[in-house]
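Visitor: I'm new to this one. Could you show me how to read it, a feature at a time?

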Amino acid sequence: MSTSLTHDSIATVETHGSSHHDDHGHGKPGIMHYLWNTDHKMIALQFMWSAVFFLLFGGAMALAMRWQLAFPGHPIPVIGHLLPHSVVNDEGAIIPSGYNVLVTMHGTILVFFVAMPLLIGVFGNFLIPLKIGAGDMAFPALNELSYWLFALSGVLMLSSFWVPGGAPGTGWTAYAPLSSVAAYNQTPMGQTLWCAALFVNGLSSITGAVNYITTVITMRAPGMTMFRMPLPVWAIFLTAILLILAIPVLSAAAALIIFDLNFGTMFYRPSGYGQPLLWQHLFWFFGHPEVYILILPAMGLTSEILSVFSRKPVFGYKAMVWAMISIGFLGFIVWGHHMYVSGMNLTLSAAFSVSTMVIAVPSAIKTFNWMGTIWRGSIHYTVPMAFAVAFVSMFVIGGLSGIFMASTPVDLFVHHTYFIVAHFHYVLFGGSMFAIFAAIYFWFPKMSGRMFNNTLGWIHFWMTFVFFNLTFFPMHNLGLGGMMRRIADPTVYDCLKQLQPLNVVCTIGAMGLGLATLPFVWNIIWSMRNGPKAPANPWNSTTLEWTVSHPIPHGNFAVTPTVYHGPYEYSVPGLAKDFLPQNEKAPAHITLEAH
Amino acid sequence: MLTGGIFLASVLMASGAFAEERSGNVYGLPPCVTTTGLQVDSIIKMIFWLTGVVFLLTQGTYIYYLIVYRRRPGVPAHYSHGNNTLEIIWTTAPTIVFLALAIYSNRVWEEIHRPAPDNALTIDVSSYQFGWQMRYPGISGKLAPMDVRKITPQNPFGTDPENPKTAQDVISTDLVIPVGRPIHVLLHSRDVIHSFYVPEFRLYQDCVPGRTIGWVWFQATQTGDFQLACNQLCGTGHYNMKAPIKIVSEEEFQKWLTPRQQKNAGVTPAPSSVPVAAPSPAKAASLTGPGTGNTL
């Protein structure tokens with residue numbers, strides 16, 4: 001009862017407040033409008049532009065790595081001379097320690113500065129209040145603080161390139177004692193900044209997560225029960241819970257590395273009674289839920305897009321929610337599958353392999369339900385739908401390759417080979433990034449008030465789809481051929497020389513994938529200002545964000561909407577139109593199927 | 001899907017060559033030269049067919065739906081929120097399959113990690129930034145005892161310099177092993193985490209500083225030259241941290257080991273070939289820090 005009360009009062013306050021703080025309709029907004037703005041929609045855009053910058057930066061590092069793997073020791077054409085000497089030699093060819101830096105920063109940046117801000121920062125912020133009928137987040141100022149903590153962590157991370165010793169080269173997993181002893185890694189300052197950046201980044205995630213959880217629990221519009229929430233909201237809500245539980249563990253573990261590096265402690269050093277494996281346990285206790293932090297929101301976003309363009313309700317809505325809840329729970333008891341061969345007790349490895357096999361079940365359930373959603377639909381192929389459709393296929397490939405590594409004896413062979421690189425890129429790029437692209441196109445009309453360019457969108461899709469597979473599918477073969485991940489030059493090993501043609505194929509694919517991103521970036525930059533004006537509900541969707549038209553004022557809804565039914569009432573028999581928005585009552589003669 | 005399908009098809013076609021030895025083979029696995037590796041391969045093959053069939057069935061159905069249920073004028077979508085019977089079926093079936101796979105996998109895992117047979121040859125494999133050293137038993141047939149807490153730059157194997165066996169140990173930069181005999185390796189690291197990885201052995205195991213990893217053993221099925229690789233990012237020189245592996249006949253192995261054992265034992269008068277000088281006891285003691293590792 002108090003729920004709706006709280007919501008109403010906050011929404012009212014925000015609506016009144018907007019006339020003071022914002023400049024809608026008052027000419028050009030000042031610079032502060034873009035720098036300090038507590039409107040969740042603006043914060044979503046701040047996250048988006050920052051993450052797109054990091055996407056280009058981290059992606060370019062991947063291309064440099066691919067160049068080195070295909071043509072080891074050859075100077076990078078054109079731009080080789082422009083790169084810092086911590087990465088390349090005088091000829092412009094990548095040096096081994098520079099390769100390690102690229103490996104480390106590519107992984108770190110793509111996980112913490114691209115995928116997380118895009119999924120959680122952008123869509124968490126933009127969609128939660130609009131989809132549950134709230135005026136803003138529960139704590140708008142904390143929300144903006146979350147963005148600036150993120151920005152600060154990005155500055156810290158990038159600054160590690162310019163300190164003595166340069167950026168760390170210990171991998172995004174930063175295994176101790178390599179990362180925690182200066183004599184071993186040679187980059188104590190860079191490694192300290194890396195840890196500090198992740199610590200601050202963690203604060204950003206935690207403040208964001210507190211906001212999302214509070215908002216979802218207390219600020220839902222009247223009638224918006226938990227089981228009437230759209231799946232992206234469910235997904236990001238569960239993700240926020242995972243963040244709160246997992247991130248502090250990483251923060252603490254990173255702080256211990258800072259102590260070990262700078263203050264003489266030996267938490268991870270055996271000569272001081274420390275335990276190298278302690279880092280791995282802490283890191284992966286965070287790291288495995290992190291994997292689901294990166295895929296749950298993607299699953300939620302995709303489920304909705306598949307439903308909208310199939311003009312069908314999500315198949316098994318409740319099964320989808322329970323599958324996500326069980327993924328969230330099981331995600332905390334599978335971390336040991338990263339450590340089968342780490343020196344951990346062998347029986348423990350066997351136990352973790354059982355929980356790992358079990359967590360494949362909810363993912364299978366979701367895949368079957370996505371197929372159920374398009375089954376007997378009326379599928380409308382748009383750019384966002386194309387990415388969502390491809391997401392399911394790529395996720396299936398990534399999921400199936402995961403079964404290999406879940407099996408303990410197979411991991412004895414494929415652990416740390418390119419097979420795992422192929423696997424997690426299918427899940428994180430083919431999965432998370434495809435869903436992000438789908439979602440950016442899908443909600444672009446709502447975010448900008450304009451439509452994106454369709455031709456550029458299709459070019460982006462086909463190039464991404466083809467080159468993604470060309471880049472990452474052969475990596476399965478590289479891995480089964482025995483190629484190690486994180487080596488700067490595979491040709492030093494006799495048994496890997498024969499695989500070199502495959503490395504060239506992967507690199508050609510990666511170059512194409514890099515090019516594919518350009519029409520995307522150009523499209524969103526250009527269309528944000530110049531695209532044709534978008535109608536309020538261009539996709540004929542049912543959820544609440546499509547009931548408000550652009551520009552959406554601070555406070556979102558002039559009148560707090562009332563919700564009458566579940567989120568995906570498409571193609572209800574007997575209705576004139578094929579969608580029934582959540583805030584519209586079904587006519588008396590129509591019975592909605594229970595979902 | 002399409003590209004994936006083409007690649008999968010090529011993998012399927014080449015799968016006949018899975019266990020087959022073939023140079024320039026970019027589709028199959030490298031040759032397998034250990035008994036336990038064959039067990040790993042059989043599970044890989046089993047999962048390959050299992051996931052391959054699931055992939056073709058689900059993607060086939062999916063693509064069929066995508067084509068058949070594309071938007072066509074006058075054909076509305078079917079209104080359905082789901083089907084609980086189906087949910088139960090596609091929850092139960094994968095659960096059974098996955099649990100069966102986990103149980104089967106772990107039986108093989110246990111088997112691979114059963115204690116090394118009594119006739120196994122024990123070799124101490126010591127990793128460091130960025131190389132490998134092997135320590136073979138001296139003429140007594142037993143390795144000199146070591147303690148991971150005593151590993152220092154001056155005493156890289158952590159052995160007791162007072163123990164007469166220590167000087168008898170045979171140190172080598174190559175891993176030379178006899179075919180057909182179980183080899184029990186004791187994995188050590190002197191600094192950061194490295195890993196003992198040989199693709200042809202189907203074997204990966206981290207070497208953790210401060211500990212002895214003592215459960216790895218294998219038995220080669222054929223002779224040949226291979227390479228030991230570090231497969232755990234360990235610093236600047238990681239990519240090139242390798243050591244030659246020579247699998248030879250028992251006879252050749254004895255021809256390689258025995259003279260070295262005799263030399264170290266002073267049977268033939270020759271200077272010691274041990275590359276690392278044993279430190280004085282006082283120095284070793286002062287450099288020995290406390291540790292949590294287990295003692296051999």
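Visitor: What does chain A average in pLDDT?

Guide: pLDDT is the predictor's confidence in each residue, from 0 to 100. Chain A averages 93, and 95% of the residues score at least 70. Watch residues 1-26 of chain A, though: pLDDT stays under 50 there. Where pLDDT is low, the predicted coordinates should not be read in detail.

Visitor: How far apart are the end C-alpha atoms of helix 7 of chain A?

Guide: Helices (H or I, at least four residues) and strands (E, at least two) are DSSP runs, numbered from the N terminus. The expected span of a helix is 1.5 Å times one less than its number of residues. Helix 7 (residues 188-218) of chain A has 31 residues and should span 45 Å, which agrees with the 45 Å between its end C-alpha atoms. Helix 12 (residues 383-406) of chain A, with 24 residues, reaches 34 Å, close to the 34 Å expected.

Visitor: How many residues of those helices are buried?

Guide: A residue is buried if 20 or more other C-beta atoms lie within 10 Å of its own, exposed if 12 or fewer, and partly exposed in between, with C-beta atoms placed from the backbone. In helix 7 of chain A, 22 of the 31 residues are buried, so that helix is largely enclosed by the rest of the structure. For helix 12 of chain A the count is 24 of the 24, so this helix is largely enclosed too.

Visitor: Which residues have the most contacts inside the largest nonpolar core?

Guide: A nonpolar core is a set of buried Ala, Val, Leu, Ile, Met, Phe, Trp, Tyr and Cys residues joined through C-beta atoms within 7 Å. The largest has 265 residues, and those with the most contacts inside it include A:Ala51 and A:Phe387. Helix 4 (residues 96-132) of chain A gives the most to this core, with 23 residues. Domain 1 (2-69 + 86-112) and domain 2 (121-267) of chain B both give residues to it, so the core lies between them. Those domain bounds come from an automatic or database domain assignment.

Visitor: How many residues do chain A and chain B put into their contact?

Guide: Two residues are in contact if their C-beta atoms, placed from the backbone, lie within 7 Å. Chain A brings 96 residues and chain B brings 86. On the chain A side, helix 11 (residues 346-374) gives the most, with 15 residues.

Visitor: Where is the cis peptide bond of chain B?

Guide: Most residues other than glycine have a negative phi, and most peptide bonds are trans. The bond from B:Gln129 to B:Phe130 is cis, with omega near 0 degrees. B:Phe130 sits in the loop between strand 1 (121-128) and strand 2 (131-136) of chain B.

Visitor: Is A:Val78, with its positive phi, buried or exposed?

Guide: Phi of A:Val78 is near 60 degrees, and this residue is exposed, with 8 other C-beta atoms within 10 Å. A:Asn556 also has a positive phi, near 65 degrees, but A:Asn556 is buried, with 25 other C-beta atoms within 10 Å.

Conventions. Residues are numbered from 1 along each chain as its sequence is written. Chains are lettered from A and ligands numbered from 1 in the order in which they are written. This is a predicted model: local features need pLDDT of at least 70, side-chain atom pairs count only at pLDDT 80 or more; totals for chains, interfaces and linings use all residues.
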